[in-house]
Amino acid sequence: MGKITGAHLLVRAMRRHGVERIFGLCGDHVNSIFNACLDEGVAIVDTRHESGATHLADGWARVTGRPGVSVVTGGPGHTNSLTGIATAWMAGSPIVAISGMHETSLREKGPLQEIDQLGMVEPVTKWARVAEDPSRLAQYFAIAYREAVSGRPGPVHLTIPSNVSEAVVDDGAPVPEPYRLEPAAANPAAVEAALDLLQRAERPVVIAGSGVWWGRAWEALERFVEIACLPCFTIGMARGAVSDDHPLGLGYADPILNAAAREIKRADVVLVVGKRMDFRLGYGSLFDPKASLVQIDIHGPELGRNRAAQIPIQADARVALEQLTLAAEARGLWHEKPWVEELRRARRAAAAERERGEHADEAPLHPLRIVKEVREAVGHDVVWSIDGGDFAQWCRLGLPARHPGHWLRLGPLGVVGAAIPFGIAAKLARPAAPVVVLIGDGGMAFHSWELHTAARFGAPVVVVVGNDCGWGMERELQSAFYDRTVGVELGRVRYDQVVAAMGGHGEHVERPADLRPALERALKSGKVACVNVMMRGVPSPLTTANIARQKKA
């Protein structure tokens, strides 16, 4: 029997589980794993920073629905990776984050880069281990992968000492088959009770969250709302699960950014599918206290959290929606309630109000003018990757979500800058689709060097920078509360020239009339492109609402 290294056994397990590529940054602790990838046919996307590697793995998971895998060295490589892992943890995104480590024989002797890696990562993972038996590395990976996708998905972690990955094992060591999940069904009685409420309601509404995406439930969701004639709002990774262009698709479930969503407080029955009752839904205060809540979630502890559910249903989103659809079809007699048109009117009125900003001809550009030009320059198949800060709120307000898995946002941790690695992962996963990253000049600094990674690996994303020369949201908040600002001015930086120096395509825009041609050139360039747009500082509706709320408090 031949011999291989533990690293080869690990990578074979990756390949058996359908892993096409890893995202990582080389180092002494993991060189053996990188080397094994060459022999085992797993591609390596080597990044410029370990945080970029874990963000890319997260982005890959969000676009494909399959866990992304990161591999980084120990010590500072591990600590650099933690923000990306924590981002995935908060968003419920499945990644397998692997870090190397010093040799086991040196433990507690004071070797270079010795830190408590497990203790650091455990609070932001579903499962974490130090693997010390090279013959079991394939089993460890299989367990980690299963943990990442079971129940509510999320990140998992393996620390692998360098002597374990480099050790020699038998070539015939077993490699486990992927675990086959059986999605949980809803209690049939709860399904019927939910339909009773929805059918009797005068103002029913559906709110679909990220669980719809992870459960591959978008077709089931659309079919259900069509049969039951229910208005549907989407949020998180569910954006696009029912297109914003669909007659029953009412857009973002965010009352600050969507006028139609402000009417949710009038709903008498609310069906929430795969969405935590967190700050995005006002911890449940988005709904009338008298409204009946039907909540479907695969993770039992989420049911009734912050807001009691009259009908809590622990089940997989797709299976539950399919059950609801079949039962609704059997009942018949569904019709569209008059209030659906009220919601549509509210949405149309808000769109009309935005037109002034969208057609503003002053320079620097109004953020809504940038959003309008970007929206009209790309096709329907575009993947949006939207960062944080004030510019991002205007993008959330004015960009449509038309397809599932084509809307990437930061998630509850709100890590500014992550939109760049998310966008690169999206382009690697969907090379035929245009991918547009929308980011402020502040966020641009965090992971702009990963655009060099994108150029090296043929992932021509287009980055649109809304450049107001500073931290716009914080500038507005400080001005409102302190009548002065500090630490918010960044100065004028030509990010287009930075990207051009990396071998990409750069465009600089100062006048509204020049933006569309610049976008078209960037999209046609076939290169990683940056359109640096000089933008005026305008507080977004989110910032305006936050200022008003805090002043009132």
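How many disulfides does a search of the whole structure find? The search finds zero disulfides, in what is a predicted model. For cysteine 229, the closest cysteine sulfur belongs to cysteine 232 and lies 13 Å away, which is too far for a bond, given that a disulfide requires two cysteine sulfur atoms within 2.5 Å. Cysteine 229 counts as buried, at 16% relative accessibility. Cysteine 530 is likewise in no disulfide, the nearest cysteine sulfur being that of cysteine 469, at 13 Å, and cysteine 530 is buried with a relative accessible area of 0%.

| Ring pair | Distance between centres | Angle between planes | Class |
|---|---|---|---|
| phenylalanine 141 and tyrosine 145 | 6.1 Å | 45° | tilted |
| tryptophan 213 and tryptophan 218 | 5.0 Å | 20° | stacked |

Phenylalanine 141 and tyrosine 145 are both buried, and because they stand four residues apart in helix 6 (residues 137-149), about one helical turn separates them. The tryptophan 213 and tryptophan 218 pair is classed as stacked because its planes, at 20°, fall under the 30 degrees that the class requires.

Tryptophan 213 is itself buried, with a relative accessible area of 2%, and arginine 216 lies over the face of its ring, at 4.4 Å from the ring centre.

Note on methods:
Residues numbered from 1 in each chain as written. Predicted model: local features only at pLDDT ≥ 70, side-chain atom pairs only at ≥ 80, totals over all residues. Heavy atoms only, no water. Phe/Tyr/Trp six-rings, centres within 6.5 Å; stacked < 30°, edge-to-face > 60°. Helix = DSSP H or I, 4+ residues; strand = E, 2+ residues; numbered from the N terminus. Buried < 20%, exposed > 50% of the residue type's maximum accessible area, 1.4 Å probe, protein only. Lys NZ or Arg CZ within 6 Å of the ring centre and 35° of its normal.
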